[in-house]
Amino acid sequence: MNDLPVTRDYAALFLGDVPLMDVRAPVEFLRGAFPNAGNVPLLDDQQRQRIGIIYKERGQDAAIALGHQLATVEVRAARLSAWREFMARHPGAVLYCFRGGLRSQISQQWLAEAGIRVPRVEGGYKALRHFLQETLHAACTSMQAVVIAGRTGCGKTDLLRSLPRHLDLEGLARHRGSAFGQMVDAQPTPIDFENAVAIGLLRLRDRAPSASVLLEDESHLIGRLHLPLAMLGLIRRSPLVILEATLEERVERILRDYILAQREAF
(Lines give C-alpha, C1' and ligand atoms only; values in the text may rest on other atoms or scores of the structure.)
Protein backbone atom coordinates (compact mmCIF):
# COMPACT_ATOMS: atom_id res chain seq x y z
CA MET A 1 0.00 0.00 0.00
CA ASN A 2 2.97 2.30 0.59
CA ASP A 3 3.86 2.49 -3.11
CA LEU A 4 0.47 3.88 -4.14
CA PRO A 5 0.38 7.58 -5.14
CA VAL A 6 -0.36 10.26 -2.56
CA THR A 7 -0.90 13.96 -3.22
CA ARG A 8 -0.26 16.86 -0.85
CA ASP A 9 -0.74 19.66 -3.40
CA TYR A 10 -4.12 20.87 -2.14
CA ALA A 11 -4.02 24.12 -4.11
CA ALA A 12 -3.55 22.27 -7.40
CA LEU A 13 -6.61 20.12 -6.70
CA PHE A 14 -8.85 23.18 -6.45
CA LEU A 15 -7.14 25.38 -9.04
CA GLY A 16 -7.27 22.54 -11.56
CA ASP A 17 -10.83 21.59 -10.60
CA VAL A 18 -9.60 18.03 -10.19
CA PRO A 19 -12.50 15.59 -9.61
CA LEU A 20 -12.53 14.32 -6.03
CA MET A 21 -13.94 10.92 -5.09
CA ASP A 22 -15.18 11.24 -1.52
CA VAL A 23 -15.35 7.78 0.08
CA ARG A 24 -16.77 9.02 3.40
CA ALA A 25 -20.24 7.92 4.45
CA PRO A 26 -23.19 9.85 2.96
CA VAL A 27 -24.02 11.53 6.29
CA GLU A 28 -20.50 12.98 6.43
CA PHE A 29 -20.68 14.20 2.84
CA LEU A 30 -23.99 15.97 3.44
CA ARG A 31 -22.50 17.95 6.35
CA GLY A 32 -19.86 19.47 4.13
CA ALA A 33 -17.97 18.78 0.91
CA PHE A 34 -16.24 20.50 -2.01
CA PRO A 35 -17.73 21.71 -5.33
CA ASN A 36 -15.62 19.25 -7.36
CA ALA A 37 -16.38 16.22 -5.14
CA GLY A 38 -18.74 13.30 -5.59
CA ASN A 39 -19.71 10.88 -2.84
CA VAL A 40 -18.96 7.22 -3.60
CA PRO A 41 -18.66 5.78 -0.07
CA LEU A 42 -16.71 2.79 1.17
CA LEU A 43 -19.09 2.42 4.13
CA ASP A 44 -22.77 3.32 4.21
CA ASP A 45 -24.14 5.24 7.19
CA GLN A 46 -25.14 2.13 9.15
CA GLN A 47 -21.81 0.39 8.58
CA ARG A 48 -19.91 3.49 9.64
CA GLN A 49 -22.00 3.75 12.80
CA ARG A 50 -21.42 0.09 13.72
CA ILE A 51 -17.67 0.35 13.20
CA GLY A 52 -17.54 3.62 15.13
CA ILE A 53 -19.27 2.03 18.12
CA ILE A 54 -16.88 -0.92 18.10
CA TYR A 55 -13.90 1.42 17.80
CA LYS A 56 -14.98 3.36 20.88
CA GLU A 57 -15.81 0.27 22.92
CA ARG A 58 -13.05 -2.17 21.88
CA GLY A 59 -10.41 -0.25 19.95
CA GLN A 60 -8.98 -0.04 16.43
CA ASP A 61 -8.15 -3.72 15.92
CA ALA A 62 -11.73 -4.76 16.69
CA ALA A 63 -13.06 -2.05 14.39
CA ILE A 64 -10.81 -3.21 11.56
CA ALA A 65 -11.91 -6.82 12.11
CA LEU A 66 -15.57 -5.80 11.85
CA GLY A 67 -14.77 -3.84 8.69
CA HIS A 68 -13.28 -6.95 7.09
CA GLN A 69 -16.35 -8.92 8.20
CA LEU A 70 -18.67 -6.38 6.57
CA ALA A 71 -16.63 -6.33 3.35
CA THR A 72 -18.32 -9.38 1.82
CA VAL A 73 -17.65 -10.40 -1.76
CA GLU A 74 -20.92 -8.74 -2.79
CA VAL A 75 -20.14 -5.49 -0.95
CA ARG A 76 -16.64 -5.28 -2.42
CA ALA A 77 -17.95 -5.91 -5.93
CA ALA A 78 -20.61 -3.21 -5.52
CA ARG A 79 -18.06 -0.67 -4.25
CA LEU A 80 -15.63 -1.39 -7.08
CA SER A 81 -18.40 -1.09 -9.64
CA ALA A 82 -19.42 2.33 -8.30
CA TRP A 83 -15.80 3.52 -8.17
CA ARG A 84 -15.09 2.32 -11.71
CA GLU A 85 -18.18 4.18 -12.94
CA PHE A 86 -17.04 7.35 -11.16
CA MET A 87 -13.53 7.08 -12.60
CA ALA A 88 -14.93 6.52 -16.10
CA ARG A 89 -16.95 9.73 -15.79
CA HIS A 90 -14.12 11.64 -14.10
CA PRO A 91 -10.71 10.62 -15.45
CA GLY A 92 -7.85 11.89 -13.32
CA ALA A 93 -9.89 11.85 -10.11
CA VAL A 94 -8.27 11.73 -6.67
CA LEU A 95 -9.85 10.03 -3.65
CA TYR A 96 -10.01 10.88 0.03
CA CYS A 97 -11.74 9.93 3.29
CA PHE A 98 -12.01 12.03 6.44
CA ARG A 99 -8.37 11.98 7.59
CA GLY A 100 -6.68 10.14 4.74
CA GLY A 101 -6.57 7.00 6.86
CA LEU A 102 -7.89 3.48 6.58
CA ARG A 103 -10.98 4.12 4.48
CA SER A 104 -9.14 5.90 1.67
CA GLN A 105 -6.20 3.51 1.89
CA ILE A 106 -8.47 0.47 1.62
CA SER A 107 -10.39 2.06 -1.27
CA GLN A 108 -7.13 2.88 -3.03
CA GLN A 109 -5.82 -0.67 -2.48
CA TRP A 110 -8.98 -2.33 -3.80
CA LEU A 111 -8.84 -0.14 -6.89
CA ALA A 112 -5.16 -0.93 -7.41
CA GLU A 113 -5.88 -4.66 -7.16
CA ALA A 114 -8.52 -4.13 -9.86
CA GLY A 115 -5.91 -2.45 -12.08
CA ILE A 116 -6.84 1.19 -11.38
CA ARG A 117 -4.24 3.43 -9.71
CA VAL A 118 -5.89 6.45 -8.09
CA PRO A 119 -3.97 9.01 -6.01
CA ARG A 120 -5.06 9.53 -2.41
CA VAL A 121 -5.18 12.91 -0.66
CA GLU A 122 -2.83 12.95 2.32
CA GLY A 123 -4.77 14.10 5.37
CA GLY A 124 -8.10 13.63 3.57
CA TYR A 125 -11.09 15.91 3.91
CA LYS A 126 -9.80 17.38 7.16
CA ALA A 127 -6.56 18.58 5.54
CA LEU A 128 -8.38 20.00 2.50
CA ARG A 129 -10.85 21.82 4.73
CA HIS A 130 -8.06 23.25 6.89
CA PHE A 131 -6.23 24.42 3.75
CA LEU A 132 -9.33 26.28 2.52
CA GLN A 133 -9.95 27.90 5.91
CA GLU A 134 -6.37 29.17 5.98
CA THR A 135 -6.65 30.33 2.36
CA LEU A 136 -9.82 32.29 3.09
CA HIS A 137 -8.33 34.04 6.10
CA ALA A 138 -5.02 34.84 4.37
CA ALA A 139 -6.73 36.15 1.23
CA CYS A 140 -9.18 38.37 3.11
CA THR A 141 -6.36 39.72 5.27
CA SER A 142 -3.99 40.56 2.42
CA MET A 143 -6.00 41.32 -0.69
CA GLN A 144 -7.54 44.62 -1.79
CA ALA A 145 -11.22 44.95 -2.67
CA VAL A 146 -13.73 47.46 -4.00
CA VAL A 147 -17.28 47.09 -2.69
CA ILE A 148 -20.40 47.98 -4.68
CA ALA A 149 -23.38 49.23 -2.67
CA GLY A 150 -26.80 50.54 -3.60
CA ARG A 151 -30.52 49.97 -3.24
CA THR A 152 -32.28 46.84 -4.50
CA GLY A 153 -32.71 46.95 -8.27
CA CYS A 154 -29.94 49.45 -9.01
CA GLY A 155 -27.91 46.85 -10.95
CA LYS A 156 -25.16 45.88 -8.49
CA THR A 157 -25.10 42.24 -9.58
CA ASP A 158 -25.18 43.18 -13.28
CA LEU A 159 -22.13 45.41 -12.82
CA LEU A 160 -20.36 42.84 -10.67
CA ARG A 161 -20.74 40.07 -13.22
CA SER A 162 -19.70 42.29 -16.13
CA LEU A 163 -16.21 42.72 -14.67
CA PRO A 164 -13.61 39.92 -14.67
CA ARG A 165 -12.21 40.10 -11.13
CA HIS A 166 -15.26 39.64 -8.96
CA LEU A 167 -16.57 37.21 -6.35
CA ASP A 168 -20.32 36.69 -6.49
CA LEU A 169 -21.13 35.95 -2.85
CA GLU A 170 -24.88 35.92 -3.45
CA GLY A 171 -24.45 33.48 -6.33
CA LEU A 172 -22.36 31.16 -4.15
CA ALA A 173 -24.95 31.46 -1.36
CA ARG A 174 -27.84 30.91 -3.82
CA HIS A 175 -29.64 33.87 -2.37
CA ARG A 176 -30.33 37.36 -3.72
CA GLY A 177 -29.41 38.99 -0.44
CA SER A 178 -32.41 41.29 -0.49
CA ALA A 179 -36.07 41.35 0.43
CA PHE A 180 -36.71 39.07 -2.55
CA GLY A 181 -34.67 36.35 -0.95
CA GLN A 182 -33.80 32.83 -1.90
CA MET A 183 -33.32 31.58 -5.42
CA VAL A 184 -35.07 28.46 -6.67
CA ASP A 185 -32.24 26.16 -5.54
CA ALA A 186 -31.85 25.54 -1.81
CA GLN A 187 -28.95 27.28 -0.12
CA PRO A 188 -25.79 25.23 0.44
CA THR A 189 -24.67 24.12 3.89
CA PRO A 190 -22.54 26.66 5.80
CA ILE A 191 -19.43 24.52 5.24
CA ASP A 192 -20.11 24.16 1.50
CA PHE A 193 -20.62 27.93 1.21
CA GLU A 194 -17.39 28.72 3.06
CA ASN A 195 -15.49 26.19 0.93
CA ALA A 196 -16.83 27.76 -2.27
CA VAL A 197 -15.86 31.27 -1.10
CA ALA A 198 -12.34 30.08 -0.26
CA ILE A 199 -11.92 28.38 -3.65
CA GLY A 200 -13.11 31.54 -5.41
CA LEU A 201 -10.53 33.61 -3.53
CA LEU A 202 -7.81 31.05 -4.23
CA ARG A 203 -8.45 31.30 -7.96
CA LEU A 204 -8.51 35.10 -7.94
CA ARG A 205 -5.20 35.27 -6.06
CA ASP A 206 -3.62 32.71 -8.37
CA ARG A 207 -4.49 34.71 -11.49
CA ALA A 208 -3.38 38.11 -10.17
CA PRO A 209 -2.14 38.16 -6.56
CA SER A 210 -1.95 41.95 -6.19
CA ALA A 211 -5.06 42.99 -8.15
CA SER A 212 -8.22 44.17 -6.40
CA VAL A 213 -11.37 42.07 -6.34
CA LEU A 214 -14.88 43.44 -6.78
CA LEU A 215 -17.48 42.50 -4.14
CA GLU A 216 -21.09 43.40 -3.48
CA ASP A 217 -21.86 44.99 -0.12
CA GLU A 218 -23.28 42.36 2.22
CA SER A 219 -24.40 42.18 5.83
CA HIS A 220 -23.31 39.33 8.11
CA LEU A 221 -26.11 37.14 6.69
CA ILE A 222 -26.96 36.12 3.14
CA GLY A 223 -30.23 34.36 3.64
CA ARG A 224 -29.57 31.88 6.44
CA LEU A 225 -25.83 31.71 5.78
CA HIS A 226 -23.31 33.63 7.86
CA LEU A 227 -20.68 35.45 5.85
CA PRO A 228 -17.21 34.31 7.02
CA LEU A 229 -15.86 36.84 9.52
CA ALA A 230 -12.70 37.41 7.48
CA MET A 231 -14.78 38.24 4.39
CA LEU A 232 -17.04 40.55 6.41
CA GLY A 233 -13.92 42.33 7.68
CA LEU A 234 -12.63 42.77 4.12
CA ILE A 235 -15.96 44.28 3.03
CA ARG A 236 -16.08 46.65 5.99
CA ARG A 237 -12.57 48.08 5.47
CA SER A 238 -12.69 48.36 1.66
CA PRO A 239 -13.61 51.48 -0.35
CA LEU A 240 -17.27 51.73 -1.26
CA VAL A 241 -18.83 52.62 -4.61
CA ILE A 242 -22.49 53.68 -4.41
CA LEU A 243 -24.48 52.69 -7.48
CA GLU A 244 -27.57 54.77 -8.25
CA ALA A 245 -30.54 54.30 -10.57
CA THR A 246 -33.88 55.99 -11.14
CA LEU A 247 -37.03 54.55 -9.59
CA GLU A 248 -38.23 53.50 -13.05
CA GLU A 249 -34.97 51.66 -13.76
CA ARG A 250 -35.10 49.91 -10.41
CA VAL A 251 -38.72 48.79 -10.89
CA GLU A 252 -37.94 47.45 -14.36
CA ARG A 253 -34.89 45.53 -13.12
CA ILE A 254 -36.72 44.12 -10.08
CA LEU A 255 -39.57 42.95 -12.31
CA ARG A 256 -37.13 41.31 -14.74
CA ASP A 257 -34.64 39.76 -12.32
CA TYR A 258 -36.81 38.84 -9.36
CA ILE A 259 -40.42 38.42 -10.43
CA LEU A 260 -40.31 37.18 -14.04
CA ALA A 261 -37.10 35.18 -13.56
CA GLN A 262 -38.63 33.31 -10.63
CA ARG A 263 -41.76 32.48 -12.61
CA GLU A 264 -39.69 31.11 -15.50
CA ALA A 265 -37.69 28.97 -13.07
CA PHE A 266 -40.85 27.24 -11.88
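**Rings and core**

A: With ring pairs: there are seven aromatic pairs, counting Phe, Tyr and Trp (its six-membered ring) with centres within 6.5 Å. The model is predicted: local features need pLDDT of at least 70, side-chain atom pairs 80 or more, while totals for chains, interfaces and linings use all residues. Numbering runs from 1 along each chain as its sequence is written, and side-chain values use heavy atoms, without hydrogens and water.

Q: How is the pair of Phe14 and Phe131 described?

A: A pair of aromatic rings is described by the distance of the centres and the angle of the planes. Planes under 30 degrees apart count as stacked, over 60 as edge-to-face, the rest as tilted. Here the centres are 6.4 Å apart and the planes at 5°, so Phe14 and Phe131 are stacked. Phe14 is in helix α1 and Phe131 in helix α7, 117 residues apart; helices are DSSP runs (H or I, at least four residues), numbered from the N terminus.

Q: Are Phe14 and Phe131 buried or exposed?

A: Both are buried (under 20% relative accessible area, 1.4 Å probe, protein chains only; exposed is over 50%, partly exposed in between).

Q: Which residues touch the most other members of the largest nonpolar core?

A: In soluble globular proteins, nonpolar side chains tend to be buried together. A nonpolar core joins buried Ala, Val, Leu, Ile, Met, Phe, Trp, Tyr and Cys through side-chain atoms within 4.5 Å. Of the 43 residues here, Phe14, Leu20, Phe34, Leu128, Leu167, Leu201 and Met231 touch the most other members. Helix α7 gives the largest share, eight residues.

How values were computed:
Helix = DSSP H or I, 4+ residues; strand = E, 2+ residues; numbered from the N terminus.
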